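Subject: Structure for your attention

Dear colleague,

Please find below the structure that I am handing over to you.

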Amino acid sequence: MADRQTLTESGSGGELPGAGAETAPDLPFGAPIGAEAARESAREATATAAVAAASAAAVRRGGRFRGLLPRRSGKLVTGLVIVGAITLFGLLGPLIAQPPRDSNNPALLPPGPEHWLGTTKLGYDVFSQLAYGTQGSLFIGLVAGLVALVLGGLFGVFAGYFGGIADEVLTLITNIVLVIPGLPVVMVIAAYVQNADGLGPLARSSLLVALVLGITSWAGSAVVLRAQARSLRTREYVAAARVAGERPARIIFVEILPNLVPLLAAQFIFGVILAVLGEAGLSYLGLGPTGSITLGTMLNDAQTGQAVGTGAWWWFVPPGAIIAALGAGLSLINFAIDEVVNPKLRLAPENAKRQRKATKAGKGVADTGAFA
Amino acid sequence: MTAQVTRPAVEAGSLRAEGLEKDFRLRSGLKVRTLHAVRGVSLELEPGRTVALVGESGSGKSTIARMFAKLESPTGGRILLDGAPSANRGRGLAAYRRDVQMVFQDPFGSLNPFHSIVHHLERPIRLHHPGLSGAEVRERAEELLERVRLSPAAKFADRRPHELSGGQRQRVAIARALAPGARFIIADEPVSMLDVSIRLGVLNLLAELQRQERLGVLYITHDLATARHFSDEILVMYRGEIVERGPSERVILDPQHDYTKTLLDAAADPDRLGQLRDEVRREAG
């Protein structure tokens, strides 16, 4: 490149001279490059200082994953508290409760000091059943969520990144799985494997139910992840990684996957909700893991024991309430993660608040340019 | 191909495109249309020289850049590095990438928001110099940051891209292109997304590194003014073909092809705009 160092600012772009003058009010056209460079570094320095000041605290706090963490909001805190409480109950409850299948109690006792949540028709302690059932449901939810996440991630990300024939094949499989109605298939598979020989103790275990739920529920997240991976694939940093000589596997796992983390987390949580509800549905129909206790098997017992008819509300309300609370709590966390993926959502409540305030203050909001 | 370019003494090594072609097949429903993005383009990069490729949007400039960077494979013609056809896979491709690197247009898109600045420099160093220890790689990465005037390097190294300004990001992108030890840099509109006021700083940096390292640079731009000031030779591209080529001054001051003249007329020139304004005022008054 040449040493001609008298290029002026107005000549550097296709801009009108007026535009140049606006950005550099203190410089005449034809200012030498030395001044130009000095001004640029000053500009960048101030810009950096501002940015650094704003983010210094943030960097100190969290390191590289901070940008991926959801902001602390009412939704997130409420969701975490609910899910945390249920998880703690599932982990610690069984330690303090009596054995769940101990029938040496009076039958159908209402809640009282002796049995906090009463007893069932067979004399089982409901509190104990609930604690073990919560643990069982959470286990199924986690395993099924993980299985769905891994399958959805593999199908979605690989299809999205590689494109072409691989995409066609993987998307075809995904679409087929997607349109198969979920619960009926799960019922058929569950009914089949329960009677299948050769599975031994696995046949009626909660692990098997979790696997069945997992491998029938990954297609939705595969579709979402494929779309996002396709979009990330065309980003210039992926092209830059290819130019640097990175291998495809490394590009997928190091360059693309971290940027999918919020989405993966959301899909995982969604998978857990789906599996907990699916298990409850299956168990209610009598196709659940009969060997272990889950919230679904409790509901099934209550149904077959005619809890509603005998007015034993303490038998079916607690498991139902825990399922509902778990679903709600996980959904709230999911909403908070959504705000990481889609920052527009983050602004919505604040804008609504501002709008309400403005209306209260008697100002027109039409021209203040509220969130549209 | 209007004028024979007189060259200074040729140094060893060159990056040459011969009759490069690229067709894209566009499918809309059942119809398949072929778009000839690049038709028979030949050009040569030599160490220590900057060649500018100018043309409007959609003229095929970026496709040429992507073919040089091996992000697209040409449908015709070939790319020769030091006289030998370049490889498209395996070790040959790795060797090619060590020599030929690219600076992308969008400094906001070309750095991964998840990774630190130093990651973007350490990866290419590691890939192309596998023998180095972790500390040596880090040291080299910080050296590169200093060379693109991001100092103190230690401070910038662990930042994330969103904490840097556009100009600073583009400096990182330039450092990344230098990281493998490249001899040829393909700069695809490196400053078009930057603020007008910081474009010159980035271009001056690129020019300085080019002089120090004797790099061969392909400077792709739609801006004739910077093409004239920063390059030795200008190629004008229109609809996939090179319609005019020659020494920078000659192309700008004495354009031969109609399209080049149109481009020059379209470029803003403060003096001429002043005249125009006066004329308009005179007529109005």
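How many cavities of 30 Å³ or more does a search of the whole structure find? The search finds 4 of them. On a 1 Å grid over the protein atoms alone, a cavity is a set of points where a 1.4 Å probe fits but cannot get out, and a pocket is an open set with protein on both sides within 12 Å along at least five of seven lines; lining residues have an atom within 4 Å of a point. Grid points are joined across faces, edges and corners, and a volume is the space filled by probe spheres set on the points.

Two remarks on conventions are in order. This is a predicted model, in which local features need pLDDT of at least 70 and side-chain atom pairs count only at pLDDT 80 or more, while totals for chains, interfaces and linings use all residues. Residues are numbered from 1 along each chain as its sequence is written, chains are lettered from A and ligands numbered from 1 in the order in which they are written, and side-chain values use heavy atoms, with hydrogens and water left out.

Cavity and pocket

The largest cavity holds about 80 Å³ of space. Its lining draws on both chains and includes Y237(A), E246(A), E255(A), H119(B), H120(B) and R176(B). Helix α10 of chain A and helix α3 of chain B each supply at least two residues of this lining. Helices and strands here are DSSP runs (H or I, at least four residues, for helices; E, at least two, for strands), numbered from the N terminus.

The largest pocket contains about 1200 Å³ of space. Of its 39 lining residues, the closest to the centre are R242(A), G245(A), E246(A), L93(B) and R97(B). Helix α2(B) gives the largest share of the lining, 7 residues. Among the other elements that each supply at least two residues are α5 (126–162) and α11 (248–284) of chain A and α1 (61–68) of chain B.

Chain A

Chain A has 14 helices and 0 strands. Of its 372 residues, 42% are buried, where buried means under 20% relative accessible area, exposed over 50%, and partly exposed in between (1.4 Å probe, protein chains only). Among contacts in chain A with a separation of 6 or more, 68% are between residues 24 or more positions apart; a contact means heavy atoms within 4.5 Å.

In helix α5(A), 26 of the 37 residues are buried, so this helix is largely enclosed by the rest of the structure. Its end C-alpha atoms are 52 Å apart, which agrees with the 54 Å that 37 residues should span at 1.5 Å a residue; the expected span is 1.5 Å times one less than the number of residues. Just after α5(A), G163(A) takes a positive phi of about 65°.

An unreviewed UniProt entry lists several spans of chain A as "transmembrane region", including residues 169–193 and 256–277. UniProt positions are given in the numbering used here, feature names are shortened, and annotations may be inferred rather than shown by experiment. Residues 169–193 of chain A are 92% helix, and residues 256–277 of chain A are 100% helix.

Chain B

For chain B, an unreviewed UniProt entry lists residues 15–264 as "domain: ABC transporter". This span is 40% helix and 28% strand.

Helix α4(B) covers residues 134–147. Its buried residues are V137(B), A141(B), L144(B) and L145(B). Seen down the helix axis, these fall within an arc of 100°, so they line one face of α4(B); the arc is that of the directions from the helix axis to the C-beta atoms. The face turned away from the buried side carries the exposed residues A135(B) and E139(B). Helices α3, α5 and α6 of chain B are among the elements that cover the buried residues of α4(B).

In the loop between α4 and α5 of chain B lies P152(B), which a cis peptide bond joins to S151(B), with omega about 0°. Most residues other than glycine have a negative phi, and most peptide bonds are trans. D82(B) has a positive phi of about 55° although it is not a glycine, and at 42% relative accessibility it counts as partly exposed. E189(B) likewise has a positive phi, of about 45°, but counts as buried at 10% relative accessibility.

Yours sincerely
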